[in-house]
Amino acid sequence: MPLEATAAPLVVWGGGTGAVAAALQAARCGADTLLLTPGPWLGGMVSAAGVCCPDGNELTPWQTGLWGAFLRELQRQEPSGLDHNWVSCFGYRPATAEAILRRWCDSEPRLQWWPSVQLLAVERRGNRIEALRVLRGGEPVRISLELLIDGSDLGDTFPLADAEHRFGWEARERWLEPSAPPQQDLDLDPFFTRQPVQSPTWVVIGQLGGTPAAPLPNTPLAPPFVGASDAFGLERTITYGRLPEGLVMLNWPLHGNDWHQQLPQLFDPDPAIRSAVEREMQDHSLAFLAALQEASGGWLQPGRCFPEPGADGLALSGASPLALMPYWREGRRLVGMEVVTELMLLPQAPGQATAPVPTDGSGAIRSVAVGNYANDHHYPGPDWPLAPKSCRWGGRWSGTPFCIPFGALVSSQIDNLLAADKGFSTSHMANGATRLQPLILNIGQAAGAAAALALERGQPPSELPVRALQELLISDPIAPAAVVPLWDTPWHHPEWSARQRAVLDDPSRLGFDGCWAGAASPADSGASVPAEPHERTWHGTVIPDGQGSFSLELPSGERWPLITLEPSLNSWFNRLDGPTTAALIGCRNSAGPWLRVSRLAG
């Protein structure tokens, strides 16, 4: 079969959320970019995998970059808003996310997307990758390139390029991670061989039939899902991931549809072996949906959400409840110039609100992205004990922020290879906090910006001045991205970019409490908080409980828990010393249940 040949300065091998973010940002920064995805959708976990209740980076100081732009576009595009479930502050339909990402990509003339491509080989010479070999429409194509970004969930290109990478657990002795197992356990317990990565899930979408006429009885689910609803009851188990239009995301870890079997086979070089296990994953999730359907008396039905096998895969709707790909929580992880370990995620002193900001030998900050997820690992059996990294904030628990250094995106071995998804350079333990949708969008953005800068300057990514990359991210005209965490400075603050730059120039401007340590601004009071769709004014009495929770008692006597994602309102909450009459602006989430409020009225 003749081999077609083509070339692109930047090739992004995709399938993951980080890939589309990297390709989009690189094109916006002026790089001619070819995005390749193995499936017909390009959004990865935020759309194709159906993981539509984002975790982490929920507070407005962390709603920056492509994640923030994506979130605000979702708010505009979903007619009934995003306040529907109790696992997240946001929920949306997969097709809404995919449509947004495709529209963004279509608007970039320097970005070309090839869907449904099969990766065959990576050509490497010395310390450089020269080309990819793929099948496109059944025809072999050789793509020569100057720079490659791996934006896959599993690090697909790493073994093909013989790029040094990690897979599985690291012992506590290696990096002194408090939650890692000791080497003796890794050597003796077969669990760690059976479970080299976190368990994936094949998300399935259900459809609710209106409001149940009466509270659902906690009917035990059929095997193997016995116990799935014990902790929260049947109705809350079902509405955990409720989405607009009565859809529900079924991604349930407690005796639900997490997949714990045959995990090493999912990384086998033989695609037939991988496909056989993936079919079992699909059947497992469909059986979970059927068990919930039976237990709920038919209140939950299969959702019509994704294209069916054999249908037009590019279509944004279809009759299948099954996501188009698994939700991979972990895969191969690149050995980078730096590695993010659990200690880099944890505040290091009592009362400290942020993890250490990564710096180089001269004290210059090397961060290019900010995350805050609390850390969460999925395995069979009891919860894995993890070092705590959460605090009470805004009436709820929120993870403390941490930073991703640029070196964690850069291969230590191959001069022209970057990572843009879960496969960037982290430890196994750190992956539980770094794998979530918002942070991966912004890691992809940083990788794409770095690739464009490297191509423009004719430098390998490892030689880029990090300060130039940081400036590119902060000053982005469409999706400016934070590189340092400031708890009290939301994305809409008029001095947001100035404060980001000031902390880079003088790290002492980032206080011990994680807040801005420079001069105060009138905007700190919340004057810049923007209106959002579906909000309304709520009148009543705000009641603090003295333990970091707040509620609003309405004139009717009904009481609703209150949460906020805004620093200024969080500060107001924390100054309350008793019941206070107030008018608050925000959105109701009946599944929470809570009122998500953003500011005081008037």
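Me: Does Arg 435 count as buried or exposed, and at what relative accessibility?

Reply: The general idea comes as cut-offs: buried means under 20% relative accessible area, exposed over 50%, and partly exposed in between, with a 1.4 Å probe and protein chains only. At 1% relative accessibility, Arg 435 counts as buried. Please keep in mind that this is a predicted model, in which local features need pLDDT of at least 70, side-chain atom pairs count only at pLDDT 80 or more, and totals for chains, interfaces and linings use all residues. Residues are numbered from 1 along each chain as its sequence is written, and side-chain values use heavy atoms, with hydrogens and water left out.

Me: Which side chain meets that of Arg 435 in a salt bridge?

Reply: A salt bridge is a side-chain nitrogen of Lys or Arg within 4 Å of a carboxyl oxygen of Asp or Glu. Here the partner of Arg 435 is Asp 376, at 3.4 Å from N to O. The two residues are 59 apart in the chain: Asp 376 is in the loop between β12 (367–371) and β13 (390–393), and Arg 435 in the loop between α10 and α11 (437–457). Such helices (H or I, at least four residues) and strands (E, at least two) are DSSP runs, numbered from the N terminus. Asp 376 is partly exposed, with a relative accessible area of 24%.

Me: How many salt bridges does a search of the whole structure find?

Reply: The search finds 27. One of them joins Lys 422 to Asp 153, whose closest N and O atoms are 2.4 Å apart. Lys 422 lies in the loop between β16 (417–419) and α10 (428–434) and Asp 153 in the loop between β6 and α4 (157–160), so this pair ties together parts that are 269 residues apart in sequence. Lys 422 is buried at 1% relative accessible area, and Asp 153 is buried at 5%.

Another bridge, of 2.8 Å from N to O, is formed by the side chains of Arg 142 and Glu 123. Because Arg 142 belongs to strand β6 (residues 139–150) and Glu 123 to strand β4 (residues 117–125), the pair ties together parts 19 residues apart in sequence. Arg 142 is partly exposed at 23%, whereas Glu 123 counts as buried at 19%. Salt bridges may also form a network, as with Arg 467, Glu 471, Arg 501 and Asp 505.

Me: Why is the pair of Phe 232 and Trp 252 edge-to-face?

Reply: Rings of Phe, Tyr and Trp (its six-membered ring) pair if their centres lie within 6.5 Å; planes under 30 degrees apart count as stacked, over 60 as edge-to-face and the rest as tilted. The structure holds 22 aromatic pairs. For Phe 232 and Trp 252 the centres are 5.9 Å apart and the planes stand at 80 degrees, so the pair is edge-to-face. Phe 232 counts as partly exposed at 40% relative accessibility, while Trp 252 is buried at 2%. Elsewhere, ring pairs link Trp 169, Phe 191, Phe 192, Tyr 379 and Trp 384 into a cluster.

Me: Over which ring does the charged end of Arg 72 sit?

Reply: A charge sits over a ring if NZ of Lys or CZ of Arg is within 6 Å of the ring centre and within 35 degrees of the ring normal. The charged end of Arg 72 sits over the ring of Trp 491, 3.6 Å from its centre. For Arg 136 the ring is that of Trp 114, with the centre 4.0 Å away.

Me: Which residues are joined by cis peptide bonds?

Reply: Pro 223 and Pro 224 are joined by one, with omega about 5 degrees, and Pro 224 is found in the loop between β8 and α8. Gly 592 and Pro 593 are joined by another, with omega about -15 degrees. Pro 593 lies in the loop between β20 (580–589) and β21 (594–600).

Me: What is the phi of Asn 57?

Reply: Asn 57 has a positive phi of about 50 degrees although it is not a glycine. Asn 57 is buried, with a relative accessible area of 3%. Gln 262 also has a positive phi, near 55 degrees, and is partly exposed at 29%.
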